Amino acid sequence: MHDFAALEGRGVIAAFLASTQFVVAASAQARALGYREVPAVFVPHPIQDRTDSEVRALADAALAEIIAAVTRSGQGRR
Amino acid sequence: MSTERNAAVDLPADGLVAVVKADCPTCRLVEPVLAALPQVTVFTQDDPGFPAGIRDRRDDTALDTSLALEVETVPTLVRFAGGRETGRIVGWLREEWQEFTGVGGLGADLPEYRPGCGSRTLDPDMAEELLVRTRGGSLRSRRLEIAALEDEVEALYDRGFSDGLPVVPPTPARVLRMLDGTSRRPDEVVAVVPPNLVEATVEKVAINAVLAGCRPEYLPVVLAAVEAACTDEFNAHGLLATTWGAGPALCVNGPIRAEIGMNWAGNALGQGNRANSTIGRALQLVIRNVGGGRPQEVDRAALGHPGKLGFCFAEDEEGSPFEPLAQSRGVPAGRSAVTVFAAEGPRGLADQISRTPESLARSLAQGLRSVCHWKLPGGFDASLVLCPEHGRTFREAGWDRARLHRELDELLLLDRAEITRGAGGIAEGVPAGGSARPIPKFRPGGYMIMHAGGGAGMFSAIVGGWAGGPGGSAPVTREVDPWR
């Protein structure tokens, strides 16, 4: 989330990407950084034991949502 | 001694000022003497009706004037001229009073000498109130109002300041006393604390040291620990946010260990010593209460361990076969320092048979190899806490720390065939292929060796760490003395 804030601060369009286990952590950190809303995409957990092809499948499945997140008008709102 | 009149209190620009209290036999003794002085302003600390027969008698039961004059003994007689103090005497000595006041024949019927009594400003039961009154203005933190019927400890639980154990309520007086443990200003920034990247001032650290149960003399260690933990190298943010269960641990070196009564002997890594238990806890409370790092929020540990309440111990330097850890990390001899490192809970390693350093080193290497996973090299750091009975074996053989590291490095070269994925029927491991050369278990500098513990028991401890190096966490050492 700090990376998101740093990129946004430099005018780089960004979205937050993590697995579903990190919804609460992302929300807590976003609040602490002053965001009311952050464009975020959560892929199914787990990640660590995925094979390369499974990770690629996760990425493919999330692609549309990621593109939507970075193209939605109004990025992170503080 | 104050030399100028304090603007906050009303003192005469010229003439004599006396400070007394009715509770003092010497003050009562000099009551007629004060009444006989042609001009004196008398401030009374307890009974506004005392002493009798004084034209300009003032109530100082609030002690403002006594504090402004820094009165330590009553009676005190002060002379002002042109708004400045030009002299002062305390107690009763007839000749001295006559000379000081310029009035002959004073107290002719009194004993020649009586010592004074302590000023009410020095009463132990006044200390807390006066401390807050005189220095409370230096504190900048938001004040919490606790209702009269609220239990203070419960209120601190309810407001989220606790790690699960009771905390000591950080009243202004306790925080001010804690701040006496350092010469640094309360508003000085110690570090920027993750995960929320909040500036921790000396005052904020002191508040958390109070919450943790520290004594003021521990504060320099806590400050140095916060400084060390909030560096990019230590990466407290990553250590907090990882799903791995390690937390920050502290090893203290140098004279401050003994000065604050730390334990490096029996049960060194365990409970029962206030400094050990509360210093580590204070660091964790700073990360929680200043940085905002809380379990199940940004602290994502799948399991964690009990030492995340606080993990701090001192190294046994005197009994060690090696130079102190801090010295091996660049701190000059004789200086106090704290080293912060990522730590799981310690796990015992028994070897009660080895009599040679070679055999013992092999046992220790086996223990170190199990960190993270027996088949995984290169990723995780670790620490070895060598017990005195194991240390003896290396001392008698003339092995220094560097020699033990060299031997362990050699023993911790892992055979690729043993650690390839699938080997031993275990899917976990390194990918097949690549060089056939053995792979080091640890990155260079990826494990530390410390010495602590009781004199009996051939049981050292392996303390697993977390991902080492860039992107992970590396141990960081900071000197304590700059924070005194």
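Let's start at B:Glu70. B:Glu70 sits in the loop between α3 and β4 of chain B. Its phi is positive, about 55°, although B:Glu70 is not a glycine. Keep in mind that this is a predicted model. How exposed is B:Glu70? It counts as partly exposed, because 13 C-beta neighbours lie inside 10 Å.

There is another positive phi to look at, at B:Leu63. Here phi is near 70°, again in a residue other than glycine. B:Leu63 belongs to the loop between β3 and α3 (64-68) of chain B. Buried or exposed? B:Leu63 has 22 C-beta neighbours inside 10 Å, so it counts as buried. The cut-off for buried is 20 or more.

Now the cis peptides. One joins B:Val74 and B:Pro75, with omega about -5°. B:Pro75 is in the loop between β4 (73-74) and β5 of chain B. Another cis peptide bond links B:Phe50 to B:Pro51, and omega is about -5° there. That proline, B:Pro51, lies in the loop between β2 (40-44) and β3 of chain B.

On to the sheet in this part of the chain. Five strands form an open sheet in chain B, in the order β3-β2-β1-β5-β6, and the pairing is mixed. Which strands are at the edges? They are β3 (56-59) and β6 (84-90) of chain B, each pairing on one side only. Neighbouring strands are turned by 20° against each other on average, direction ignored. Take one pair in detail. Strand β5 (residues 76-81) of chain B runs antiparallel to β6(B), over six bridges. Within that pairing, B:Arg79 stands opposite B:Gly87 of β6(B). A helix covers part of this sheet. Helix α4 (residues 94-101) of chain B packs on the sheet and touches β1 (15-20), β5 and β6 of chain B. The direction of α4 makes about 165° with that of β6(B).

Step back to the whole chain. Chain B has 17 helices and 21 strands. Its radius of gyration is 31 Å, well over the 23 Å that the globule rule gives for 484 residues, so chain B is more spread out than a compact globule. The C-alpha atoms fill a box of roughly 105 × 50 × 35 Å along the principal axes. How is chain B divided? Into domain 1 (15-122) and domain 2 (153-483). The centres of domain 1 and domain 2 of chain B are 59 Å apart, taken over C-alpha atoms. Of the 484 residues of chain B, 46% count as buried. Now contacts with a separation of 6 or more. In chain B, 75% of these are between residues 24 or more positions apart.

Next, another sheet of chain B. This is an open sheet of four strands, ordered β13-β12-β14-β21, with mixed pairing. β13 (312-314) and β21 (476-479) of chain B are the edge strands, and each pairs on one side only. The twist averages 25° from one strand to the next. Strand β12 (residues 247-253) of chain B runs parallel to β13(B), joined by three bridges. What is the bridge partner of B:Cys251 in β13(B)? It is B:Phe313.

Helices pack here too. α9(B) packs on the sheet and touches β12, β14 (337-343) and β21 of chain B, with its direction at about 50° to that of β14(B). Helix α12 (residues 274-289) of chain B also packs on the sheet, touching β12 and β13 of chain B. The direction of α12 makes about 135° with that of β12(B).

B:Pro255 lies in the loop between β12 and α11 (256-259) of chain B. With 13 other C-beta atoms within 10 Å, B:Pro255 is partly exposed. What does B:Pro255 contact, leaving aside its neighbours within four places in sequence? B:Gly334 and B:Ser336. B:Pro255 and B:Gly334 are 79 residues apart in sequence, yet 6.8 Å apart in space, C-alpha to C-alpha.

Then helix α7 (residues 172-179) of chain B. Its buried residues are B:Arg174, B:Val175, B:Leu176, B:Met178 and B:Leu179. They pack against α5 (124-135), α8 (202-212) and α9 (219-229) of chain B.

Last, confidence in chain A. Chain A averages a pLDDT of 89, and 92% of its residues score at least 70.

How values were computed: Residues are numbered from 1 along each chain as its sequence is written. Chains are lettered from A and ligands numbered from 1 in the order in which they are written. This is a predicted model: local features need pLDDT of at least 70, side-chain atom pairs count only at pLDDT 80 or more; totals for chains, interfaces and linings use all residues. Helices (H or I, at least four residues) and strands (E, at least two) are DSSP runs, numbered from the N terminus. The radius of gyration is taken over C-alpha atoms; the globule rule is 2.2 Å times the number of residues to the power 0.38. A residue is buried if 20 or more other C-beta atoms lie within 10 Å of its own, exposed if 12 or fewer, and partly exposed in between; C-beta atoms are placed from the backbone. Two residues are in contact if their C-beta atoms, placed from the backbone, lie within 7 Å. Domain bounds come from an automatic or database domain assignment. pLDDT is the predictor's confidence in each residue, from 0 to 100. Two strands pair if DSSP finds at least two bridges between them. Axes are lines fitted to C-alpha atoms, for helices over the stretch in contact, and angles run from 0 to 180 degrees between N-to-C directions.
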